[in-house]
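Student: I have a model open and want to walk through it. Can we take it piece by piece?

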Amino acid sequence: MKEITKKYSNGEVTIVWKPHMCIHSTICWKAATGLPAVFNPSERPWITPEGASTERIIEQVKKCPSGALSFVMNENEGESV
Ligand code: SF4
């Protein structure tokens, strides 16, 4: 089975989601522990990176227990140094 990687960018940070690694902990989207303005599994796409500040997104992504969520800063992507 092919492993899918999805990317969602707000122009500053790109949220990377690997569905096959998600253990559905609910941490990222439950109001008590997560960021429902960005992560909402009842919507498509389920990640809306415009819903919070880049700083807050990074903080949340780091709490994902499975490694399904990660991020890259856009300034580090595709630029020759
Ligand atoms: S925090 Fe990570 S493991 Fe938990 S539901 Fe979100 S993406 Fe999946």
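Tutor: We can go from the helix to the ligand, then to single residues. This is a predicted model, where local features need pLDDT of at least 70, side-chain atom pairs count only at pLDDT 80 or more, and totals for chains, interfaces and linings use all residues. Residues are numbered from 1 along each chain as its sequence is written, and side-chain values use heavy atoms, with hydrogens and water left out.

Student: Which residues of α1 are buried?

Tutor: Thr54, Ile57, Ile58, Gln60 and Val61 are buried in α1, which covers residues 54-61. Buried means under 20% relative accessible area, exposed means over 50%, and partly exposed is in between, using a 1.4 Å probe and protein chains only. Helices are DSSP runs of H or I with at least four residues, strands are runs of E with at least two, and both are numbered from the N terminus.

Student: Why are they on the same side of α1?

Tutor: Because they cover an arc of only 165° around the axis. That arc is taken from the directions from the helix axis to the C-beta atoms. As background, an α-helix has 3.6 residues a turn, so residues three or four places apart point the same way.

Student: What do the buried residues of α1 pack against?

Tutor: Against β2 (13-17) and β3 (69-73). Contact means heavy atoms within 4.5 Å.

Student: Switching to the ligand. Which residues are around it?

Tutor: Trp17, Cys22, Ile23, His24, Ser25, Thr26, Ile27, Cys28, Cys64, Pro65, Ser66 and Leu69.

Student: How many of the shell residues are nonpolar, polar or charged?

Tutor: The shell has 8 nonpolar, 4 polar and no charged residues. Ala, Val, Leu, Ile, Met, Phe, Trp, Tyr, Cys and Pro count as nonpolar, Asp, Glu, Lys and Arg as charged, and the others, Gly among them, as polar.

Student: His24 is in that list. What about its backbone?

Tutor: Histidine 24 has a positive phi of about 55°, although it is not a glycine. Histidine 24 sits in the loop between β2 and α1.

Student: Buried or exposed?

Tutor: Histidine 24 is exposed, at 61% relative accessible area. Threonine 26 lies in the loop between β2 and α1 as well. Its phi is also positive, about 75°, and threonine 26 is not a glycine either. Threonine 26 is partly exposed, with a relative accessible area of 23%.

Student: Where is the cis peptide bond?

Tutor: It joins arginine 44 and proline 45, with omega about -5°. Proline 45 is in the loop between β2 and α1.

Student: On to alanine 68. Where is it?

Tutor: In the loop between α1 and β3. Alanine 68 is buried, with a relative accessible area of 1%.

Student: What does alanine 68 touch?

Tutor: Val16, Trp17, Lys18, Met21 and Cys22, not counting residues up to four places away in sequence. Trp17 and Cys22 also belong to the residues around the ligand.

Student: And serine 70?

Tutor: Serine 70 is in strand β3. At 28% relative accessibility, serine 70 counts as partly exposed. With residues up to four places away left out, serine 70 touches Thr14, Ile15, Val16 and Val61. Serine 70 and threonine 14 are 56 residues apart in sequence, yet 8.5 Å apart in space, C-alpha to C-alpha.

Student: Last one, asparagine 74. Where does it sit?

Tutor: In the segment after β3. Asparagine 74 counts as buried, at 17% relative accessibility. Leaving aside neighbours within four places in sequence, asparagine 74 contacts Ser9, Gly11, Glu12, Val13 and Thr14. Asparagine 74 and asparagine 10 are 64 residues apart in sequence and 9.1 Å apart in space, C-alpha to C-alpha.

Notes:
A residue is near a molecule or strand if one of its heavy atoms lies within 4 Å of it.
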